[in-house]
Amino acid sequence: MTEETKGKYLNPKADLTFKKIFGEHEDLVMSLLNALLPLDEGKQIEHVEYLTPEMVPENPGKKNNVVDVRCRETGGRHFIVEMQMNWNNEFQQRVILNSAKAVIKQLGTSEDYSLLQPVYALNLINDVGFDAGPDEFYHDYAIVRSTSGRLLLKGRKNVEHTDRIIEGLRFVFVELPKFKPQTIKEKKMMVLWLRFLTEIDRDTETVPAELLENPDTNKALKILEKSAYNEKELSAYEYYWDAVYNERGAIRHGFKQGMERGMAQGMAQGIEQTNRDNARKMKSKGIPDDIIADVTGISIKEIQQL
């Protein structure tokens with residue numbers, strides 16, 4: 001196995017652990033969203049309810065995706081949270097597609113457009129995916145009006161210098177490998193959550209005092225203790241890490257194929273085949289279909305047909 005479950009804690013970035021922390025505890029996902037999203041002063045999230053993470057299209061012939069965490073502020077804004085281990089161009093397109101679906105799914109056929117609520121997509125990436133400086137780990141995109149009058153998607157610097165923003169869609173990407181605590185001193189909870197995601201793993205022996213003293217990160221640490229997981233969950237956790245590194249290899253292989261036949265097609269085929277291979281292995285070990293679906297992203301119906 002690539003990521004053995006030695007030590008007291010599991011890695012919070014794994015699919016199983018990330019969803020258990022932020023997909024089952026409303027207070028923790030609220031804390032994470034309030035810390036990392038560019039919310040206006042006085043507009044912090046006070047209560048959320050979970051929504052199904054499956055983004056089913058209205059047309060059954062269209063693409064069906066599953067996100068890590070999806071929730072809604074009571075009577076208001078919608079939030080999608082994704083933990084992405086390996087960067088690829090398809091992920092960025094998937095973020096846009098799922099966010100658009102979250103907008104569309106809000107209204108029935110006879111409901112008024114004025115009922116639409118903003119959708120925020122928070123994407124945590126354990127990889128480097130943007131052509132930016134080594135310290136630029138936080139990327140905030142909104143729809144703004146350019147000086148020529150056209151509507152464009154612009155990054156954080158542009159958002160900070162315009163009041164002509166069309167509310168409705170907001171995309172935040174956080175490149176975890178670039179994060180350094182000293183780069184943001186004024187946002188304590190942002191620093192704590194990013195330290196939790198980047199410093200805690202299977203090799204952690206001593207937890208930073210700041211993470212133990214804060215009630216939110218302390219609770220997340222307890223959820224992350226290996227003793228809280230059963231044998232099948234730990235097996236799924238290890239298979240997940242195999243899948244992550246296999247996917248990374250598939251992406252590299254897809255890149256080489258792409259030089260010859262089209263990079264995007266090669267990457268997509270390599271990743272899809274890797275996910276199917278991992279699903280077969282996990283199924284042969286008796287791991288439940290719903291856990292396999294969470295780890296590989298393959299639908300339960302497809303898993304049952306393998």
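This is a predicted model: local features need pLDDT of at least 70, side-chain atom pairs count only at pLDDT 80 or more; totals for chains, interfaces and linings use all residues.
Mentor: Residues are numbered from 1 along each chain as its sequence is written, and side-chain values use heavy atoms, without hydrogens and water.

Trainee: Why are H5 and H7 called roughly parallel?

Mentor: The axes of H5 (residues 188-199) and H7 (residues 215-223) cross at roughly 15° and come within 10 Å. Angles under 35 degrees count as roughly parallel, over 145 as roughly antiparallel, 65 to 115 as roughly perpendicular and the rest as oblique, and H5 and H7 are therefore roughly parallel to each other.

Trainee: Which residues of H5 and H7 meet?

Mentor: Met189, Leu192, Trp193 and Phe196 in H5 meet Asp216, Thr217, Ala220 and Leu221 in H7, where contact means heavy atoms within 4.5 Å. By class, this contact has 6 nonpolar, 1 polar and 1 charged residues.

Trainee: What makes a residue of helix H10 buried or exposed, and which of its residues are buried?

Mentor: Buried means under 20% relative accessible area, exposed over 50%, and partly exposed in between, with a 1.4 Å probe and protein chains only. In H10 (residues 289-296), the buried residues are Ile291, Ile292, Ala293, Val295 and Thr296. Just after H10, glycine 297 takes a positive phi of about 80°.

Trainee: What share of the protein chain is buried?

Mentor: Of its 306 residues, 47% are buried.

Conventions:
Helices (H or I, at least four residues) and strands (E, at least two) are DSSP runs, numbered from the N terminus. Axes are lines fitted to C-alpha atoms, for helices over the stretch in contact, and angles run from 0 to 180 degrees between N-to-C directions. Ala, Val, Leu, Ile, Met, Phe, Trp, Tyr, Cys and Pro count as nonpolar, Asp, Glu, Lys and Arg as charged, and the others, Gly among them, as polar.
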